[in-house]
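Here is a short report on selected local features. Please keep the sequence and the 3D view open while reading.

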Amino acid sequence: MSRIIAPSILAADFNNLGKEIEMINQSEAGYIHFDVMDGVFVPNISFGIPVIEHVNKIAQKPLDVHLMIVNPDALIGLFINAGASIITVHYEACIHLHRTIQIIKNRGIKASVCLNPHTPVAVLEDIITELDMVLLMSVNPGFGGQAFIENTYKKVRQLKSIIEKYNPDCLIEVDGGVNYETGKKLFESGVDVLVAGSFVFNSNHPAETIRKLKML
Ligand code: DX5
Ligand code: ZN
């Protein structure tokens with residue numbers, strides 16, 4: 001099992017974004033997590049391609065792009081051109097998910113699917129062999145700083161058994177309300193990647209918080 005920390009820059013200080021990315025570059029983070037929100041799939045608007053392009057110029061870690069957008073097929077190519085190393089689309093936003101995953105993989109980057117808290121992991125059984133990662137939302141997407149949904153631990157266990165049966169190389173990422181307590185239980189349940197926004201960027205020593213999360 002990997003142990004990767006992916007700080008979510010949604011909670012970063014955008015007046016000093018360069019400094020925040022440099023902190024991540026120097027830290028033990030494995031990815032940089034980007035929350036792209038379109039105001040349609042989720043009730044919020046965050047940032048898009050120009051921010052990713054600029055960060056990509058100074059980032060020394062893979063860009064983990066979480067697309068909370070409708071009709072991602074139309075924009076995936078632009079996010080890849082901007083520097084994405086991993087593209088996560090939402091199961092709930094993709095009518096032709098198998099085709100969407102091929103669009104990502106045909107560009108040679110990692111393909112990932114995200115499930116909202118109410119979506120059962122069983123829906124992935126016929127696509128799991130195509131995936132590099134599955135992202136489980138442990139909050140309803142659209143905002144940082146929300147409380148962790150406990151049912152997520154059960155979903156992680158169910159997903160782990162599907163992955164062990166059909167695609168053992170597929171990683172499990174969890175996103176929303178991650179802190180030392182939830183992070184420890186998630187790693188113990190078999191999670192590979194922890195996304196953390198407010199817990200990292202609201203802490204006094206973000207790099208130290210990242211190191212401690214990784215050691216849990
Ligand atoms: C929410 C986003 C998360 C969020 C995490 O829709 O996908 O990545 O930024 O923030 P925290 O860690 O503060 O819950
Ligand atoms: Zn996210």
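This is a predicted model: local features need pLDDT of at least 70, side-chain atom pairs count only at pLDDT 80 or more; totals for chains, interfaces and linings use all residues.

Residues are numbered from 1 along each chain as its sequence is written, chains are lettered from A and ligands numbered from 1 in the order in which they are written, and side-chain values use heavy atoms, with hydrogens and water left out.

**Zinc site**

Which residues coordinate the zinc ion (ligand 2)? They are His 33 (NE2), Asp 35 (OD), His 66 (ND1) and Asp 175 (OD), at 2.0 to 2.3 Å. Donors are N, O and S atoms within 2.8 Å of the metal (3.2 Å for Na, K and Ca); water is not among the atoms, so sites may look incomplete. Along the chain, the donors of the zinc ion (ligand 2) are spaced as H-x1-D-x30-H-x108-D. His 33 belongs to strand β2 (residues 32-37) and His 66 to strand β3 (residues 63-68), so the pair ties together parts 33 residues apart in sequence. Helices (H or I, at least four residues) and strands (E, at least two) are DSSP runs, numbered from the N terminus.

Why is the arrangement around the zinc ion (ligand 2) octahedral? Its six donor atoms subtend angles of 72 to 170 degrees, which makes it so. Six donors count as octahedral if opposite donors are over 155 degrees apart and all others between 65 and 115.

**Aromatic pairs**

The structure holds four aromatic pairs. The ring centres of Phe 148 and Tyr 153 are 5.0 Å apart and the planes lie at 40 degrees, so this pair is tilted. Tyr 180 and Phe 199 pair edge-to-face, with 4.7 Å centre to centre and 85 degrees between the planes. Rings of Phe, Tyr and Trp (its six-membered ring) pair if their centres lie within 6.5 Å; planes under 30 degrees apart count as stacked, over 60 as edge-to-face and the rest as tilted.

The table gives burial for several residues. Buried means under 20% relative accessible area, exposed over 50%, partly exposed in between (1.4 Å probe, protein chains only).

| Residue | Relative accessible area | Class |
|---|---|---|
| His 33 | 0% | buried |
| His 66 | 0% | buried |
| Phe 148 | 13% | buried |
| Tyr 153 | 8% | buried |
| Tyr 180 | 29% | partly exposed |
| Phe 199 | 26% | partly exposed |

**Val 174**

Val 174 is found in strand β7 (residues 171-175). Is Val 174 buried or exposed? At 0% relative accessibility, Val 174 is buried. Beyond its neighbours within four places in sequence, Val 174 is in contact (heavy atoms within 4.5 Å) with residues including Phe 148, Leu 186 and Val 195.

**Strands and a loop**

Strand β4 (residues 86-90) and β5 run parallel, joined by five bridges. Two strands pair if DSSP finds at least two bridges between them. Val 89 stands opposite Val 113 in β5. Five of the six residues of strand β5 (residues 110-115) are buried.

Asn 71 is in the loop between β3 and α3 (76-82). Asn 71 has a positive phi of about 50 degrees, although it is not a glycine.

Technical notes:
Four donors count as tetrahedral if all angles lie between 85 and 135 degrees; four count as square planar and six as octahedral if opposite donors are over 155 degrees apart and all others between 65 and 115; anything else is irregular.
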